[in-house]
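Biologist: Could you walk me through how to read a helix packing and a chain interface?

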Amino acid sequence: MADPMKIRATLVGDSTEVRVLMSHEMETGQRKDAAGKTVPAWFIQSVTATHNGKTVLSAQWGPAVAKNPFLSFKFKGGAKGDKVQITWTDNRGEKRTDEATIG
Amino acid sequence: MITMLRAALAATAVALGGMLASPATYAQAGSAADEIEKYRQALQDGNPAELWEARGEDLWKKPGGPKNASLERCDLGRGPGVVKGAYAELPKFFADAGRVMDLETRLVWCRVNLQGMTEADARRSPFGSPERKSDNEALTAWITSESKGVAMAVSLDHPKMREAYDVGRAIFFFRGGPHDFACSTCHSEDGKRIRLQDLPNLTVKSGAQRGYTTWPAYRVSQGELRTFQWRLNDCFRQQRFPEIEFGSPASIALTTFLAYNANGAPFAAPAIKR
Amino acid sequence: MDRTLLIALASFSAVTLAGCAAMRTGADEAAIRAKAIDAMKTSFKEKGQAKLDRLNQDETQALCSQYAGKELPKDVAATIEKSNLASIRYPQDGKLVGDWKRGERIAQDGRGFQYSDDPKGPVGANCYACHQLTKQEISFGTMGPSLYNFGKLRGYTDEMRRYAWGKVYNSQAYSACTNMPRFGHAKILNEQQMRDVVALLMDPASPVNQ
């Protein structure tokens with residue numbers, strides 16, 4: 001089970017700024033281990049963000065994104081106390097969803 | 001607007017690599033250093049050290065070990081359970097243990113004495129890898145984060161602290177091994193660098209402050225959070241010395257020397273480094 | 001030594017720290033160094049090729065540690081330089097200059113002698129870690145002086161080639177307590193590698209001299 005994400009959502013003027021840290025190895029599939037064996041690719045493939053159940057961001061990722069990725073984005077609207085939910089799915093089908101309250 | 005910061009940074013790094021490989025004149029060494037500085041600045045946003053901090057806070061509060069006890073009664077020097085500002089006063093002489101301890105050594109002590117772990121279990125995996133995460137790194141990340149902004153205030157009032165400082169200083173200047181290296185080989189002059197890596201002068205206040213207060217740090221090149229014990233361990237590896245043992249007397253003495261020299265500076269870690 | 005005074009002084013700053021060390025008697029300092037060595041003996045464990053004998057200092061290492069952070073007395077410097085000069089060995093066949101291309105690779109390579117390194121090699125001299133050598137390589141350190149145009153500026157003479165050999169072989173012979181490793185004396189580089197590094201510095205065709 002992957003570690004929880006660290007999500008911060010803040011209202012700035014009329015938009016919400018969201019900053020997310022994800023805990024993930026993000027293996028490219030290019031690296032070799034000490035024994036010379038290729039480490040299989042293992043990376044987050046899709047990320048979605050919802051605000052009060054409505055999708056505000058949907059992204060397709062690849063193995064070029066660094067380990068423990070940091071994502072920051074803004075969307076219009078949102079009010080203090082609203083929920084922002086982030087979900088990622090990796091190429092092994094593992095999934096993680098975390099939630100933050102807009103402050 | 002979407003910023004996939006670290007993906008963009010990877011592109012910067014590739015561009016830098018290309019630049020380093022191309023023929024260049026003296027002037028460009030300066031601009032390469034400037035570009036690296038920009039890269040370091042860009043890294044400051046979204047430090048993954050926070051992931052370790054979150055895990056560490058959990059480990060601190062969650063009951064564990066054979067006694068199924070949490071670490072919340074652990075005395076880091078400011079009384080049982082006081083975490084705020086504790087790291088800025090470490091290392092410290094602990095009367096209950098009868099010796100000087102740095103944070104990482106103290107955590108082993110608490111895990112043995114409060115949680116009932118064996119010394120060997122508490123000392124296992126001080127430094128993590130993707131295959132095996134380190135509780136020490138997570139706990140250290142969280143506890144040090146609770147001293148962010150607090151001025152370093154290590155006291156040498158206790159004679160054992162004074163002794164640790166003196167011994168640490170002697171180890172700092174100890175030259176040995178096939179290459180005749182000491183800590184001081186790289187860290188006792190201002191404005192020097194190895195390749196393009198700037199080296200802090202740890203024998204003067206400003207350098208010690210800059211060096212000491214920015215550990216632990218998330219190392220982007222390793223994708224791991226590294227503690228001060230790790231920093232010493234890896235320096236001695238590059239010095240061509242044998243391996244310094246985690247929490248050993250020499251490493252605590254050296255930490256005491258460096259931490260005391262950093263006194264007065266606001267603690268600024270967990271940081272992020274290349 | 002009055003401990004209270006010592007602590008009071010120590011609280012001033014790093015400047016005072018240095019002064020305070022100087023105020024200690026030689027016997028006090030020797031006792032601290034002995035304690036430090038004891039602490040180190042119990043704190044390190046052998047790993048890979050790095051055995052515990054690496055903590056045993058030779059006379060040069062011990063003296064340079066003792067006088068680190070303060071001025072090196074002239075007679076001590078002379079003692080160090082004399083014994084290290086006597087250790088320098090020149091090749092039997094008298095050939096001091098090898099292939100600068102191999103020398104460049106040795107100058108770029110920082111591997112060797114760490115417990116994480118393969119004991120079977122390869123081993124480099126990592127010259128670029130501390131020195132500027134060529135215009136092409138901009139990733140160079142500044143611990144040591146720039147060696148760009150080393151041979152061109154000093155002249156391609158036998159005397160300079162012998163000096164370059166000696167300096168790489170045992171730098172302590174010319175500058176007591178220098179930071180530079182003693183590449184020949186400590187058997188970090190073999191004879192052929194020594195020649196190749198000398199070529200990098202002294203061959204007129206080497207990029208160092210362009």
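Modeller: The buried residues of helix α5 in chain C pack against α4 (59-66) of that chain; helices here are DSSP runs of H or I, at least four residues, numbered from the N terminus. This is a predicted model, where local features need pLDDT of at least 70, side-chain atom pairs need 80 or more, and totals for interfaces use all residues. Residues are numbered from 1 along each chain, chains are lettered from A, and side-chain values use heavy atoms.

Biologist: Which residues of α5(C) are buried?

Modeller: Buried means under 20% relative accessible area and exposed over 50% (1.4 Å probe, protein chains only). Here V76(C), A77(C), I80(C) and N84(C) are buried. They lie on the same side of α5(C) because they cover an arc of only 100° around the axis, taken from the directions from the axis to the C-beta atoms. On the other side, K74(C), D75(C) and K82(C) are exposed.

Biologist: And how do I read an interface?

Modeller: The size of an interface is often given as the accessible area lost when the parts come together. Between chain C and chain B that area is about 5,200 Å² (1.4 Å probe, summed over both), with carbon and sulfur atoms giving 57%. Y115(C), I138(C) and M143(C) supply 14% of what chain C buries against chain B, more than any other three residues.

Biologist: How many salt bridges cross the interface of chain C and chain B?

Modeller: A salt bridge needs a side-chain nitrogen of Lys or Arg within 4 Å of a carboxyl oxygen of Asp or Glu. The rule finds six across this interface, including R182(C) with D180(B), whose closest N and O atoms are 2.7 Å apart.

Methods
Helix = DSSP H or I, 4+ residues; strand = E, 2+ residues; numbered from the N terminus. Contact = heavy atoms within 4.5 Å. Buried area = accessible area lost by both parts, 1.4 Å probe.
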